[in-house]
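Colleague: Before I rely on the labels attached to this model, I would like to go through them one at a time and hear what each rests on.

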Amino acid sequence: MTDTNKMIINLAVFGRTQNGKSSAGNILLGSDDFYSSFSPGSVTKDCSLGRSCHLHSFMRRGGQEIALQVQVLDTPGYPHSKLSMRHVKHEVKKALEHHFGQEGLHLALLVQRADVPFFGQEASNPVQLIQELLGDSWKNYTAVLFTHAEKIEAAGISEDEYLHEASETLLTLLNSVQQRYVFLYEKGNSCNEQRIKILERIMGFIKENHYQVLSFT
């Protein structure tokens, strides 16, 4: 909190290569801070922090209108096509301590493509990274962000149907994080509309946590 009518939320995106972390980060920020493109390999090689402009009158708290600013830490894919898992883990740990050491992290977003099945060791790697970096409280500070949700919509599958048919691995993960998830539709809706919808859902998760943060000091 910068003052009584402003709030900053700190987010970090994690996930496998080409799951859409940087693109999702850009939507959350309402900008193009993070480079994002299709590639047969990993695109993001370094951690970087993006800051949004203030969203005025985004919410009310204590009878006051609150302006919201979003900070997002983009991280390399895990596993990475060019960097070792040990290197990525070390760099992300340093970035979390540097950017959120005292301010704290409100939420880690595990970015998962809705059109790619979630199972096996490769799917579990980013989850294990979050567990190692966030510690025993990781379940309280993690949500799943499903990208490419427009593809399941085009297939005539609703969100409820998608989750009903999901793998046991994914269902176990969602139960662990107390059903904190959100679907991101990258086509068919305006970018700003998607952004506000997702931020409102994320703020709901943060409010459930009583606005607590996870510090890295």
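**Labels and their grounds**

Modeller: Let us begin with Arg16, which lies in the loop between strand 1 and helix 1 (21–29); please keep in mind throughout that this is a predicted model.

Colleague: Why does Arg16 count as buried?

Modeller: Its relative accessibility is 9%, and buried means under 20%, so Arg16 counts as buried. Leaving out residues up to four places away in sequence, Arg16 touches Lys21, Gly77, Tyr78, Val111, Gln112, Val116, Pro117, Glu122, Ala123 and Pro126.

Colleague: Which residues is Arg180 in contact with, once its neighbours within four places in sequence are left aside?

Modeller: They are Lys139, Asn140, Tyr141, Thr142, Ala143, Val144 and Phe205. For one of these, Asn140, the separation from Arg180 is 40 residues in sequence and 9.5 Å in space, taken from C-alpha to C-alpha.

Colleague: Turning to helix 3, how do you know that its span agrees with its number of residues?

Modeller: Helix 3 runs over residues 120–134, which is 15 residues, and at 1.5 Å a residue it should span 21 Å; because its end C-alpha atoms are 22 Å apart, the two values agree.

Colleague: Where does helix 3 bend, and by how much?

Modeller: The bend is at Pro126 and amounts to about 30 degrees. Pro126 is also one of the buried residues of helix 3, together with Ala123, Asn125, Val127, Leu129, Ile130, Leu133 and Leu134. The cover over these buried residues includes strand 1 (6–15), helix 2 (85–100), strand 5 (107–113), strand 6 (142–147) and helix 6 (168–176). Just after helix 3 comes Gly135, with a positive phi of about 80 degrees.

Colleague: In helix 6, which residues are buried, and why do you say that they line one face of the helix?

Modeller: The buried residues there are Leu170, Leu173 and Leu174. Viewed down the axis of helix 6, they fall within an arc of 100 degrees, and so they line one face of the helix. As background, an α-helix has 3.6 residues a turn, so residues three or four places apart point the same way. On the other side of helix 6, Glu168 and Asn175 are exposed. The buried residues of helix 6 pack against strand 5, helix 3, strand 6, helix 5 (159–164) and strand 7 (181–183), and helix 6 is followed by Gln178, whose phi is positive, near 60 degrees.

Colleague: What makes strand 4 "mostly covered"?

Modeller: Strand 4, residues 64–74, has eleven residues, and nine of them are buried.

Colleague: Which strands are joined to strand 4, and how do you know that they count as paired?

Modeller: A pair needs at least two bridges. Strand 1 is joined to strand 4 by eight bridges, the two running parallel; strand 2 (residues 48–51) is joined to strand 4 by four, running antiparallel; and strand 3 (residues 55–61) is joined to strand 4 by four as well, again antiparallel. Val72 of strand 4 stands opposite Leu11 and is also the bridge partner of Gly50, while Leu55 has Leu68 as its partner in strand 4. In the hairpin of strand 3 and strand 4, with two residues between the strands, Gly62 takes a positive phi near 60 degrees.

How values were computed
Residues numbered from 1 in each chain as written. Predicted model: local features only at pLDDT ≥ 70, side-chain atom pairs only at ≥ 80, totals over all residues. Heavy atoms only, no water. Expected span 1.5 Å × (residues − 1). Bend = angle between axes of the 7 residues up to and from the residue. Buried < 20%, exposed > 50% of the residue type's maximum accessible area, 1.4 Å probe, protein only. Contact = heavy atoms within 4.5 Å. Arc of directions from axis to C-beta.
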